[in-house]
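These are my notebook entries on one structure. I set down what I looked up, entry by entry, with the cut-offs that I applied.

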Amino acid sequence: MDTSELEPSKLGTKEHWDNVYEEELGNFSENGDEGEIWFGKKAMAGMVKWAKQYAPPRSDISILEVGSGNGALLFALAGEACYPAERLLGIDYSEGAVQLAQSIGRSRGLPAVTFRVCNFLREDPPLLAGNHEADGDGNGAWDLILDKGTYDAIALMEKDENGIIPVEGYPMRITKLLNPGGHFLITSCNFTEAELQAKFITEETGLQYHSRIEHPIISFGGSTGSACSSVAFTKPASRN
């Protein structure tokens, strides 16, 4: 499916997500409920397993999650996967999501995982200690960028004041922020692997296909497929 074919939805509005996380923040305060894990624990575990294989923990690694929500994926990396918590940053344009993730981090004993309010399409994320800003020579600030459902939500936004679909600018934002040799891993329920490749592998981005995560195959109405797609891309160390 092309992004231009998607009808705008409340799932693409900041108001919706502010309401969602206001409720989840209240639930966490009242009974410790950390909220939903988008696409489920198995999909998240697959992303963690992929990261450990292709971007294994090291003391100076820099990992960014775009649209981090309640922080479940980054907590999984900092917990059982043993990534250094201080090298993980989650950003979300909903202040409630950031407050929830920070509260969960403190409750889990992982306050060093950083969460900040940031509109990814318009702002560069804050830097971790020792990181350098992206420059005009193709050097970014992040070794691994993760997306679990955020691209899907952005694809449901209304056109901007210039008639442009906001999600169209997403792939170049990834390219700008990735370090040469860095990886981008995305899990989507709205787009197939082929559709994701068509959007992210272009002459403009220079990204290359790296690998995929296998998900269980399901059958429905005579058709078969996966409930979600997970694809990894890499930014070449140099572009000729």
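Which side chain does the side chain of serine 230 join in a polar contact? I found that it is the side chain of histidine 215, at 2.7 Å. A polar contact is a pair of N or O atoms within 3.5 Å; within protein, one must be able to donate a hydrogen and the other to accept it, and residues adjacent in sequence count only if both atoms are side-chain atoms.

**Basis.** I worked on a predicted model, in which local features need pLDDT of at least 70 and side-chain atom pairs count only at pLDDT 80 or more, while totals for chains, interfaces and linings use all residues. Residues are numbered from 1 along each chain as its sequence is written, and side-chain values use heavy atoms, with hydrogens and water left out.

**Serine 230.** I located serine 230 in strand E9, residues 229-234. Helices (H or I, at least four residues) and strands (E, at least two) are DSSP runs, numbered from the N terminus. Serine 230 counts as buried because its relative accessibility is 2%; buried means under 20% relative accessible area, exposed over 50%, and partly exposed in between (1.4 Å probe, protein chains only). I then listed its contacts (heavy atoms within 4.5 Å). Leaving aside neighbours within four places in sequence, serine 230 is in contact with Ile186, Thr187, Arg212, Ile213 and His215.

**Nonpolar cores.** I took a nonpolar core as a set of buried Ala, Val, Leu, Ile, Met, Phe, Trp, Tyr and Cys residues joined through side-chain atoms within 4.5 Å. The largest has 37 residues, of which Ile63, Leu77, Tyr83, Leu88, Val113 and Leu146 touch the most other members. At least two residues each come from H1, helix H2 (40-54), H3, helix H4 (95-108) and strand E4 (142-148). H3 supplies the largest share of this core, 7 residues. Another core, of 28 residues, lies apart from it and includes Val66, Leu178, Ile186 and Val231.

**Helix H6.** I recorded H6 (residues 170-177) as mostly covered, with 6 of its 8 residues buried. These are Tyr170, Pro171, Arg173, Ile174, Thr175 and Leu177. They pack against E1, E4, H5, strand E5 (178-188) and helix H7 (193-200).

**Pockets.** On a 1 Å grid over the protein atoms alone, a cavity is a set of points where a 1.4 Å probe fits but cannot get out, and a pocket is an open set with protein on both sides within 12 Å along at least five of seven lines; lining residues have an atom within 4 Å of a point. I noted a volume of about 580 Å³ for the largest pocket. It has 33 lining residues, and Trp17, Gly67, Gly149, Thr150 and Ala153 are the closest to its centre. H5 gives the most to this lining, with 4 residues.

The second largest pocket has a volume of about 270 Å³. Its lining includes Tyr93, Arg122, Glu158 and Pro166.

For the volumes, grid points are joined across faces, edges and corners, and a volume is the space filled by probe spheres set on the points.
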